[in-house]
Amino acid sequence: MSIASNLNQFQEYLDGTCCKLVAVSKTKTESEIMEAYNTGFRRFGENLVQELKKKQHLLPKDIEWHMIGHLQTNKVKKIAAFVSMIHGVDSLKLAAEINKQAVLNKRVIPCLLQVHIAREESKFGFEASDLLDLIKSGAFDGFAQVKIAGLMGMATFTQDQELIRAEFRKLKTLFEEIKSTATGKNFDFTELSMGMSNDYQIAVEEGSTMIRVGSSIFGARN
Ligand SMILES: *Cc1c(COP(=O)(O)O)cnc(C)c1O
């Protein structure tokens, strides 16, 4: 199967749902990305700052670039001028730096708060039990040029469909709770980024608005 036909299948699958596709192009070449681009597709995701910056420089300027990986505070300035959405905001310190760089670039940067929902140990993501209180305390409200657009999460990498479903459901519940309680002017809670090649169908069923799919579109990574 070609990249273009894989992409078309995903578009058809999502047609009529509220869910968008982020094509995860990490490790893939510029010409592979152009194969997708030439079908009319524009929304791509990368997880490394260096690679994202290089591809943004080389590829057409109407591509919507999503930073989906862990982002170090000292690297925000490298992508702040062009990034369309940062999916992995996992600390107040990072949000503060994104706000600072957004101000310097005279723009608003849409961001998602990453929540740790998987069984696996991870250094990244807010704990679901802490996040609602943190938001209620107004901790994010001062970041006027960070648009807090929703949540992002990764389920446990497993074949246990019911575990995956339970984790996505938990994230969706938290999403709805925050949506109905957050009062910050910079909150515009519309996106729930969950689902990858292994589990996107469950994610869509559980209310994802953005699936991040790499290998099922571009093939296995090297
Ligand atoms: C790599 C990656 C994806 C895509 O993974 P696939 O299994 O190839 O679909 C999605 N989200 C994040 C955060 C990633 O790092």
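The legends below describe several close-up views of one predicted model.

Residues are numbered from 1 along each chain as its sequence is written, and side-chain values use heavy atoms, with hydrogens and water left out. Because the model is predicted, local features need pLDDT of at least 70 and side-chain atom pairs count only at pLDDT 80 or more, whereas totals for chains, interfaces and linings use all residues.

View 1. Strand β2 (residues 43-46) and strand β3 (residues 64-67) run parallel and are joined by 4 bridges; two strands pair if DSSP finds at least two bridges between them, and strands (E, at least two residues) and helices (H or I, at least four residues) are DSSP runs numbered from the N terminus. Arg-43 stands opposite Glu-64 in β3. From β2 the chain passes through helix α3 (residues 49-58) to reach β3, in a β-α-β crossover that is right-handed, meaning that, with the strands pointing away from the viewer, the path from the first strand over the helix to the second runs clockwise. On β3 there are also 2 bridges to strand β4 (residues 85-89), with these strands again parallel, and here Met-67 stands opposite Ile-86 in β4.

**View 2. Strands β1 and β9.** Strand β1 (residues 20-24) runs parallel to β9, and 4 bridges join them, with Lys-20 having Met-210 in β9 as its bridge partner. Within β9 (residues 210-213), Met-210 and Arg-212 point one way while Ile-211 and Val-213 point the other way, and all are buried, a term for under 20% relative accessible area, with exposed meaning over 50% and partly exposed in between (1.4 Å probe, protein chains only).

View 3. Asn-99 is placed in helix α5 (residues 92-104). Why does Asn-99 count as buried? Its relative accessibility is 12%, and therefore Asn-99 counts as buried. Leaving aside residues up to four places away in sequence, Asn-99 touches Gly-142, Phe-143, Ala-144, Gln-145 and Val-146, where contact means heavy atoms within 4.5 Å.

**View 4. The largest pocket.** The largest pocket holds about 520 Å³ of space, a volume being the space filled by probe spheres set on grid points that are joined across faces, edges and corners. On a 1 Å grid over the protein atoms alone, a pocket is an open set of points where a 1.4 Å probe fits, with protein on both sides within 12 Å along at least five of seven lines, and lining residues have an atom within 4 Å of a point. Of the 27 residues that line the largest pocket, Lys-26, Met-154, Ala-155, Met-196 and Arg-212 lie nearest its centre. Strand β5 (109-116) and β9 each supply at least two residues of this lining, and the largest share, 3 residues, comes from β5.
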